[in-house]
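Dear colleague,

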Amino acid sequence: MSPLRIAVFAGRLVLALLLCASVYVTAAEAGATVFELATADRIYVEEFSRHIDLLEDARGDLSLDQVAQSTFVPGSLAAANVGFTSSVWWARITFRNPGSREREIFVRQTYPLIDYLDVYEQTAPNEWRIHKTGDRRPFAARDIAHRDFVFPIHVPSQGERVVYLRYQSQGPIDISLALFSSPELLESLSREQLAYGIYYGCVVMLLVWSSLVFIAVRDKAFLAYFAYVGTFGLYMLIHNGLAYQYLWPDSPRWGNTSLVALINIALFAGLQFSRMILRAKEVTPRLDLAARGLQTVAAILLLAAPFVPYATIIAPVAGLVLIGVIFMLVMGIAAMLLGSRPARFYVIAWGSFLCGSVIFLLKTFGVLPHTFFTQNGWQIGSLLEMILLSMTLSTRMNELQHQSRTDPLTLLGNRRMFDDRLPQEFVIARQEQRPLSLLVLDIDHFKGYNDRHGHACGDQAIKAVASALRKFARKPSVACRYGGEEFTVILPGIDCQTASVMSERLRRTVEETLNGDLSITISVGYACLSRGDFENADKFFEAADSALYRAKQQGRNCVVAFHDRIEPAQEQEPPAQRAATS
């Protein structure tokens, strides 16, 4: 080879190397992130937002050609969670297929509350396959009928496929992408259907339970709980994209308005439930007033939702919800410190809700890995919250039952409790052959006492007797206000001798409780199961009651025992005469 030809060849080689270096530098400056498809058929990448490039279009007017020539920056999980913004954001994905056949893959946007999402898939030079969707467009515009946005992408063999995604939304923008092959996509959808079926099945069960209990007990706290669970359940249907898919697929405007409306209604109902279950008006009146203020703000935002643009109202609504949740947790802690029993489950419930929300946010910002529990942390936390709040209602039911069996003046058992407990204790004593005693007592000359001193002093006298009964009638004994100035004490396991001592001690205590003109005395009659062969609990009560009548006949302020040789029916005073002489 001549020196001239050698020189020409060397020059061409140097030029080719310079051109290659130029291309390499251009590619490096562009910073293109290339995702190479695995040779295996199955592909499943949950946190695919790590493998994209991002571009912010602050004015939102860039064309596709301008975007293709712009400089992108490498993406990350934190950068992909843009949040509230007025900018348009572009994501670029470059797929490379080293295999010998074309590959079909599915890109899934897992955050469904995006107003406008356009996907541009380059099929040839200057040729694009365009997908236009978003929750501001009819549901039928989607490639695949699913609550999320799922796009089928075809990558040619031994080639590359560039895809651009354009995000524009009045709400937060979360570029949360996942990549699937067909089998993995089907498996993922099956798992999600099971999880959502469990979640919403539990919500429906809680709704049915609370409605049935409300019908039975007519307590408005159950109605407030029903309203909260129902509206929050509907809100989660919207948040997950299911409401748009199944309830109003052709009403995107209402879909966005309902999101704001339902979260405000849920907050209002949650605050109302909190005020009722914690009895905030009596226990924490200042916090109750603040809760009413938050309810007023929620009502104003609810009325403004159809008229104010979504981008304007969503930020104050989100702030109000955050304040409301923290406030309800504080109100629960305050009520718990003041002795409210339902507040214990209430605090745990809202704590679970906050924990689930924090886990979901940490996943969104890339602090925690994308797993089933982190992705669904909010739903899991809200479900635990609803279940635990139902347990506060169970505590409320116990309180209502206790109130229905408690005398409000003396806080002793009432006539209903006595009528329930005496037959039970009578049967148990018979079956187990153990002692059982019953005291029946009333305040002497109570009608005259009321006439002289007034009903307020009469109530104080009744409370004084009740206080003495609480000292002597410890569990398992049951002290009840039978009616008016008459009281009963059921004494399981107490024999006649002990009942006599207790009755006399009780009589002396009452006599020494009030002084001067306000002093009172009581008459006590008691019966023991060992002193007579009683047919049933009613006969047992009649025996103790007849002993009380004998105590009155003997001058009052004394204790008399029943003996089976006395016929109560012969000595029983007519009710009208007995009431006049008591």
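What follows is a short account of the chain as a whole, its cores, its disulfide and a few helices.

Please keep in mind that this is a predicted model, in which local features need pLDDT of at least 70 and side-chain atom pairs count only at pLDDT 80 or more, whereas totals for chains, interfaces and linings use all residues. Residues are numbered from 1 along each chain as its sequence is written, and side-chain values use heavy atoms, with hydrogens and water left out.

The protein chain has 20 helices and 18 strands, where helices (H or I, at least four residues) and strands (E, at least two) are DSSP runs numbered from the N terminus. Of its 582 residues, 49% are buried; buried means under 20% relative accessible area, exposed means over 50%, and partly exposed is in between, with a 1.4 Å probe and protein chains only. Among the contacts in the chain with a separation of 6 or more, 72% are between residues 24 or more positions apart, a contact being heavy atoms within 4.5 Å.

The largest nonpolar core has 96 residues, of which Phe 95, Tyr 167, Ile 175 and Leu 179 touch the most other members. Such a core is a set of buried Ala, Val, Leu, Ile, Met, Phe, Trp, Tyr and Cys residues joined through side-chain atoms within 4.5 Å. Apart from this core lies another, of 29 residues, which includes Tyr 449, Ala 468, Phe 487 and Ala 561. Not counting residues up to four places away in sequence, the residues that Tyr 167 touches include Trp 89, Tyr 116, Leu 117 and Ile 175.

The structure holds 1 disulfide, which is to say a pair of cysteine sulfur atoms within 2.5 Å. Cys 496 and Cys 528 form this link, with their sulfur atoms 2.1 Å apart, and with 115° about the S-S bond it is right-handed. The pair joins distant parts of the chain, since Cys 496 is in helix 17 (residues 496-513) and Cys 528 is in strand 17 (residues 522-528), 32 residues apart. Both Cys 496 and Cys 528 are buried. As for two other cysteines, Cys 480 is buried, with a relative accessible area of 0%, while Cys 457 is partly exposed, at 25%.

Helix 4 (residues 182-217) and helix 5 (residues 220-239) pack at an angle of about 160°, with their axes 8 Å apart; the axes are lines fitted to C-alpha atoms, for helices over the stretch in contact, and angles run from 0 to 180 degrees between N-to-C directions. Helix 4 and helix 5 are therefore roughly antiparallel to each other, a description used for angles over 145 degrees, with under 35 counted as roughly parallel, 65 to 115 as roughly perpendicular and the rest as oblique. Among the residues that meet between them are Tyr 199, Val 203 and Trp 209 in helix 4 and Phe 222, Phe 226 and Met 236 in helix 5. Helix 4 also holds Ser 188, which counts as buried because its relative accessibility is 6%.

Lastly, Val 317 lies in helix 10 (residues 310-337) and counts as buried at 2% relative accessibility. Leaving aside neighbours within four places in sequence, Val 317 is in contact with Val 260, Ile 263, Asn 264 and Leu 301. The C-alpha atoms of Val 317 and Ile 263 are separated by 8.2 Å, although the two are 54 residues apart along the chain.

With kind regards
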